[in-house]
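Look over the sequence and the structure before reading on.

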Amino acid sequence: MQSLSTAHLQIVNKSSHTLLRCSGMWTLPHLNTIAYKLETFQPKSSVIWDVSQVNEIDSAGIALWHLYHRAFEKEGITSELIGINENHSKLYSLLYSGKNEIFSPPTRPSWLYSLGEEAHKNLKGITQFIAFLGEAFVLLFYTLLHPSKIRYRSIVAHIFTTGAAALPIIAISAFLIGVVIAYQSIVQLQKFGADIFIVDTIGISLTRELAPLITAIVVAGRSGSAFTAQIGAMKMTQEIDAMKTMGFDPFTFLVWPRVIALMIVMPLLIFFADIVGIFGGMVIAQAQSNLSFTEFIHRLQGALALKHYMIGIIKGPFFAFLIAMVSTFRGFQVSSNTESIGYYTTKSVVNSIFLVIACDALFSILLTELKL
């Protein structure tokens with residue numbers, strides 16, 4: 001019978017694996033013989049350590065397990081420990097900074113655990129975004145009380161990059177949307193001889209809903225992703241840390257100029273999209289129903305009430321605020337690697353588009369209740 005006052009290692013070769021049965025006191029004064037056995041041991045199949053009979057162990061014993069576990073793994077031989085107790089696990093975590101990979105082999109979490117973890121991440125993200133908004137508004141009020149701190153040049157520069165530079169893609173998108181709406185509507189209206197109502201359909205649907213929504217989606221994909229990537233790159237190169245060190249607030253220099261610029265240009269882009277989209281509908285109406293431009297415009301003046309146009313324009317600043325805030329927030333979340341930029345840029349676009357659609361849905365419900 002083996003004594004429990006010294007360390008023992010019994011090697012048992014089996015058909016599918018090699019069993020290393022450990023017992024006794026795996027402490028520094030008793031490990032010489034064990035170390036020699038392990039040094040001369042050449043496993044040919046997977047290794048299983050049975051440590052259930054180890055009644056005492058110190059850092060030297062843990063280090064010996066870790067050393068040969070790593071050595072076996074490097075040779076392509078799987079190594080697994082069984083019979084671990086809480087003391088073994090705590091001591092290993094203490095020695096190896098909580099990296100408990102050999103005592104806690106990775107297991108696939110259940111779907112319920114994954115669902116809870118994802119819900120916790122989303123809730124944490126919402127909390128961080130609300131904190132970000134709070135800090136941004138506090139600094140906005142401070143800046144308004146000190147107008148000299150407003151970055152006018154930066155605002156103008158962002159107006160150009162998010163507004164004037166975006167006109168071509170907005171024009172193409174709006175024109176094609178006008179063409180699609182006209183084609184789909186005119187086929188149905190011709191069945192009833194109501195071709196003239198194509199004007200009402202195009203005018204109201206574009207100005208009230210489609211032009212603002214399409215413009216916001218294009219801006220989120222174009223300008224929103226650029227905001228995230230720019231701030232993320234500055235975070236990676238520690239430019240933001242340098243700004244803080246010099247006493248410059250990142251919100252004043254990086255967040256509000258982008259938010260204000262986008263809130264200014266978004267209504268203008270929506271107005272531009274209205275014109276181009278209606279023109280696209282006019283082209284199709286003339287081609288398919290021989291409805292001249294003059295007749296189309298005359299009908300449009302009576303069919304398109306001012307409220308529909310104004311509702312679309314009013315949505316612009318709200319959409320712009322959501323896009324700019326989400327984009328800058330995601331930019332500040334970027335860590336110090338390139339993969340992080342791609343990850344948060346994608347999240348920025350997805351989150352922005354989702355919030356824009358949700359905001360548009362809220363507008364629809366509210367305006368319907370108000371009989372508008």
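## M325 and the nonpolar cores

M325 touches F129, F132, L133, A136, V255, W256 and V259, leaving out residues up to four places away in sequence. The model is a predicted one. The largest nonpolar core has 49 residues, and L262, I323 and M325 touch the most other members. Two or more residues of this core come from each of α4, α6 (167–190), α7 (198–236), α8 (239–245), α9, α11 and α12 (338–369).

## Helix α4

The buried residues in α4 are G125, F129, F132, L133, A136, L139, L140 and T143. Which helices do the buried residues of α4 pack against? They pack against α9 and α11.

## The packing of α4 and α11

Two packed helices can be described by the angle between their axes and the distance between those axes. Helix α4 covers residues 111–145 and helix α11 covers residues 306–332; they pack at an angle of about 110°, and their axes are 11 Å apart. Angles of 65 to 115 degrees count as roughly perpendicular, so α4 is roughly perpendicular to α11.

On the α4 side, the residues that meet α11 are G125, Q128, F129, F132, L133, A136 and F137. On the α11 side they are F321, M325, V326, T328, F329 and F332. What kinds of residue make up the contact of α4 with α11? There are 10 nonpolar residues, three polar and no charged.

## L355 in α12

L355 is found in helix α12. L355 is partly exposed, with a relative accessible area of 26%. Leaving aside neighbours within four places in sequence, L355 is in contact with L322 and V326. V326 is also one of the α11 residues that meet α4.

L355 and I323 are 32 residues apart in sequence, and their C-alpha atoms are 8.1 Å apart in space.

## The loop between α9 and α10

The loop between α9 (250–289) and α10 (293–303) contains L291. N290 lies in this loop as well. Are these residues buried or exposed? L291 has a relative accessible area of 9%, which is under 20%, so L291 is buried. N290 has a relative accessible area of 65%, which is over 50%, so N290 is exposed.

Setting aside residues up to four places away in sequence, L291 touches I196, I198, V199, A285, Q286 and F296. L291 and H146 are 145 residues apart in sequence and 56 Å apart in space, C-alpha to C-alpha.

## Positive phi angles

N290 is not a glycine, yet its phi is positive, near 55°. Q238 is not a glycine either, and it has a positive phi of about 65°. Q238 lies in the loop between α7 and α8. Q238 is exposed, with a relative accessible area of 52%.

## D200 in α7

D200 lies in helix α7. With a relative accessible area of 18%, D200 is buried. Not counting residues up to four places away in sequence, D200 touches S205, R299 and A303.

Key: Residues numbered from 1 in each chain as written. Predicted model: local features only at pLDDT ≥ 70, side-chain atom pairs only at ≥ 80, totals over all residues. Heavy atoms only, no water. Axes fitted to C-alpha atoms, helices over the stretch in contact; angles between N-to-C directions. Helix = DSSP H or I, 4+ residues; strand = E, 2+ residues; numbered from the N terminus. Parallel < 35°, antiparallel > 145°, perpendicular 65-115°, else oblique. Contact = heavy atoms within 4.5 Å. Nonpolar A, V, L, I, M, F, W, Y, C, P; charged D, E, K, R; others polar. Buried < 20%, exposed > 50% of the residue type's maximum accessible area, 1.4 Å probe, protein only. Core = buried A, V, L, I, M, F, W, Y, C linked by side-chain atoms within 4.5 Å.
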